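Take a moment to look over the model below, and then follow this account from one part to the next.

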Amino acid sequence: MKKINSKMEFSYILLYIATASLSLIQTLNMVNYPGELYREARAISDFESITITFFNICAFVICYVLYKFLKSFRIRVSSSYFANYNFKRLDWIISTILTLQIIFLLETGVGRVTVGVPATSPYSTLFAIIKPDPFIFLYFLVVRNNESFRYENNKHFVINIASYGVFKLLQGWSSFFFIFFILECYCRFNNRKRISTKYVFVIPMVVIFLGGFVYQQVYVIKNHIRGNLAIMDISYLEGVQHLSTRLSMNSMSLGAYQNVDRIVDLYRAESLSLKESKALLRPVLPGQLMDKNFRSLNNNIVQSYTPTITASTSSDFGIVMYYWVLGNASMYDAILSLILTLVFIVLAKIYFDTMCNGSGKFDFLFFLILFKFTYTVSLENVIGQGFVPYLYLTFVVLIFGGVKFVKGRG
């Protein structure tokens, strides 16, 4: 079995440390917070800002250590059956799903990030089941991670990835640029016998400084798609600053600490017990089976600064402040949420090990789940939106023959 290199994951952690440090430097030299809270004055001390940033960084270092431990062994559903991928059929399944999703989005507006009331449709549940992300990342690695892969020989694959990019831009999202860049680097690294350590340090710098230019262009486009027509062009330096605060979530973490009492009051105001744990089911179940009209803790932090904000948006503020705030709001919800998190980490480990036949080719996708648990934390976002859709689309792909589980090595 080929040993999968973990330098890319370490580079990812370095990227967080770099952006968190940049965000902290901005914070210490500004009266207001950088990023999403740019209108809000900072009321916490420099010492508190430095301390919280330090604990945030420690959390991501622990995330990497946990990942290294979990990737040292494999847990599969069965050692006798192996996933056998039909590349041509998989290409057609993905392109069909993307075509349907783009048509549905253009016709209904469902799924588009908006400053107004989100659009709805009686067919939303069906299209949620066949939504392309995050399975598109597994598809990318299935095709791209072959040593014989050449882009010029895989035009259908290229069209699918480009179509996905168009789909996400039409929804008002831009993070896919960053994710595919990281996945491409990951594939290139893993297809080399030796990887120069310098790349581990170069990639975070490239993401920040080249990414600042890309974000400068995309920032206005995505906000206009969302309906924020008042957003004007931003400079390259502002692009770097915006990107740093988005990638690190550090300013939102500091803002959560500053407004902890207000956030706790907002959480309790809805009088819904175990709200964060129950939110796991919101992206999974259709509206007929669950009352989805409540705000997540990730939304409450934004709401604490902007009372008129809609319930459809949220911000990440990291595992340290998430459990600090949730523990203050409801200790029972914090404990149940933590238990469910550990259960789903194990399930994610089993899923990715099974889908890659124990080869480790999907380890980076598992790392992204762990990273998102540390970054976003919310079960609704990390599991309901970021893991359960893997299972839905895997089932769809199985039905249409994109993958089969065969006895003996496939």
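Two helices, α7 (176-190) and α8 (197-226), each supply at least two residues of a nonpolar patch, and it should be kept in mind throughout that the model is a predicted one.

From the surface we can turn to a space in the protein, the second largest pocket, which holds about 350 Å³. Its lining is formed by 18 residues, and those that lie nearest its centre are L66, I319, L342, I345 and L370. Two or more lining residues are given by each of the elements α2 (46-70), α14, α15 (331-355) and α16 (363-375), and among these α15 gives the most, with 6 residues.

Helix α14 runs over residues 318-329, which makes 12 residues, and from its first C-alpha to its last it reaches 16 Å, close to the 16 Å expected at 1.5 Å a residue. Which residues of α14 are buried? Counting a residue as buried when its relative accessible area is under 20%, the buried residues of α14 are G318, M321, Y322, Y323, V325, L326, G327 and A329.

Notes. Residues numbered from 1 in each chain as written. Predicted model: local features only at pLDDT ≥ 70, side-chain atom pairs only at ≥ 80, totals over all residues. Heavy atoms only, no water. Helix = DSSP H or I, 4+ residues; strand = E, 2+ residues; numbered from the N terminus. Expected span 1.5 Å × (residues − 1). Buried < 20%, exposed > 50% of the residue type's maximum accessible area, 1.4 Å probe, protein only. 1 Å grid on protein atoms, 1.4 Å probe; cavity = no way out; pocket = protein on both sides within 12 Å on 5 of 7 lines; lining within 4 Å. Points joined across faces, edges and corners; volume = space filled by probe spheres on them.
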